[in-house]
Amino acid sequence: MKTNEATHGSDENRVSAAEKARARKVYGMLEREYPDARPALNFGSPFELLVATILSAQCTDARVNMVTPGLFRKYTSPASFVSADPEELERDVKSTGFYRQKAKALISSSRSLVENFGGEVPHTMEELLTLDGVGRKTANVLLGNAFGIPGIAVDTHVSRLAQRLGFSEENAPEKIEHDLSLLFPRDRWTELCHLLMAHGRRICVARIPKCELCAVSGLCPSAFKFTALRKSKQKKGM
Ligand code: SF4
């Protein structure tokens, strides 16, 4: 689907009823397939989700979930991250990778929360984007999962599946977010991401997707291509 800079309302008219119907069928099938789809990061408050999401960049959710329990016992609030010793915090988050940038982002975003938002995580896209280490993906994760405000968080799984399923021809996360927002009702956006992430982890994996096991293969324009590719690799013993 192509996008332009027009408003959401006029763009929406450019999406055919057939495209929307197919998207909703895919959604329904994935919902049946993954009834327990939920955020993969463990958290107990919006601030903990912010910290976990910053740590999850270029890192598995499982690894982040191993690190955060100890981290949240040691640093219990934005103020405690602000007063953290940077080198000690780097060591605390080292196993999540990119630890220098992540420690810096944790301290800087915490300082911004303390100085500008009374120590609370704000709940608008505009305010969230003022925090260091927070881009649209993280902001949408927070809006959807911590505040119940619909948001489409385009991570690597959502991006890949949106393209394979023919929901978007774009590469830029913001454009993919826009395309998905035109196809799915607003109150499904957050859940849509959980479903696409679950499917991306288990079946529509990055390398060669397991189309033969896929519940939505009958509605997927990429099924034929990947099934042929998998067969050809199997034939060659790869
Ligand atoms: S048919 Fe294959 S490419 Fe399409 S969604 Fe399923 S696993 Fe992914």
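**Entry: around the ligand**

I began with the ligand, and found 14 residues around it, with C204, P209, C211, C214 and C220 coming nearest. Here a residue counts as near if its C-beta atom, placed from the backbone, lies within 6 Å of the molecule. I sorted the shell by class and got 10 nonpolar, two polar and two charged residues.

**Entry: what I am looking at**

This is a predicted model, where local features need pLDDT of at least 70, side-chain atom pairs count only at pLDDT 80 or more, and totals for chains, interfaces and linings use all residues. Residues are numbered from 1 along each chain as its sequence is written.

**Entry: the whole protein**

I listed the secondary structure and found 13 helices and zero strands. Helices (H or I, at least four residues) and strands (E, at least two) are DSSP runs, numbered from the N terminus.

I looked up the overall dimensions next: the C-alpha atoms fill a box of roughly 55 × 50 × 30 Å along the principal axes.

How much of the protein is buried? I noted 37% of the 238 residues. Buried means that 20 or more other C-beta atoms lie within 10 Å of a residue's own, exposed means 12 or fewer, and partly exposed is in between, with C-beta atoms placed from the backbone.

I then followed helix α10 (residues 156–164) to helix α12 (residues 189–202): they pack at about 85 degrees, with axes 8 Å apart. The axes are lines fitted to C-alpha atoms, for helices over the stretch in contact, and angles run from 0 to 180 degrees between N-to-C directions. α10 and α12 are therefore roughly perpendicular, a label for 65 to 115 degrees (under 35 is roughly parallel, over 145 roughly antiparallel, the rest oblique).

Which residues meet there? On the α10 side I wrote down H157, V158, R160 and L161, and on the α12 side C193, L196, M197, H199, G200 and R201. Contact means C-beta atoms, placed from the backbone, within 7 Å. By class, this contact has five nonpolar, three polar and two charged residues.

**Entry: two positive phi angles**

Most residues other than glycine have a negative phi. I still found Q58, not a glycine, with a positive phi of about 55 degrees. Q58 is in the loop between α3 (46–55) and α4 (61–74), and is exposed, with 11 other C-beta atoms within 10 Å.

F98, also not a glycine, has a positive phi of about 45 degrees. I placed F98 in the loop between α6 (86–93) and α7 (99–116); it is partly exposed, with 15 C-beta neighbours inside 10 Å.

I found A40 in the loop between α2 (17–33) and α3. A40 touches D61 and M197, leaving aside residues up to four places away in sequence. M197 is also among the α12 residues that meet α10. The C-alpha atoms of A40 and N65 are separated by 8.6 Å.

My last stop was K233, in helix α13 (residues 223–235). K233 is exposed, with 12 other C-beta atoms within 10 Å. Its C-alpha atom is 42 Å from that of N13, 220 residues apart along the chain.

Terms used. Contact = placed C-beta atoms within 7 Å. Nonpolar A, V, L, I, M, F, W, Y, C, P; charged D, E, K, R; others polar.
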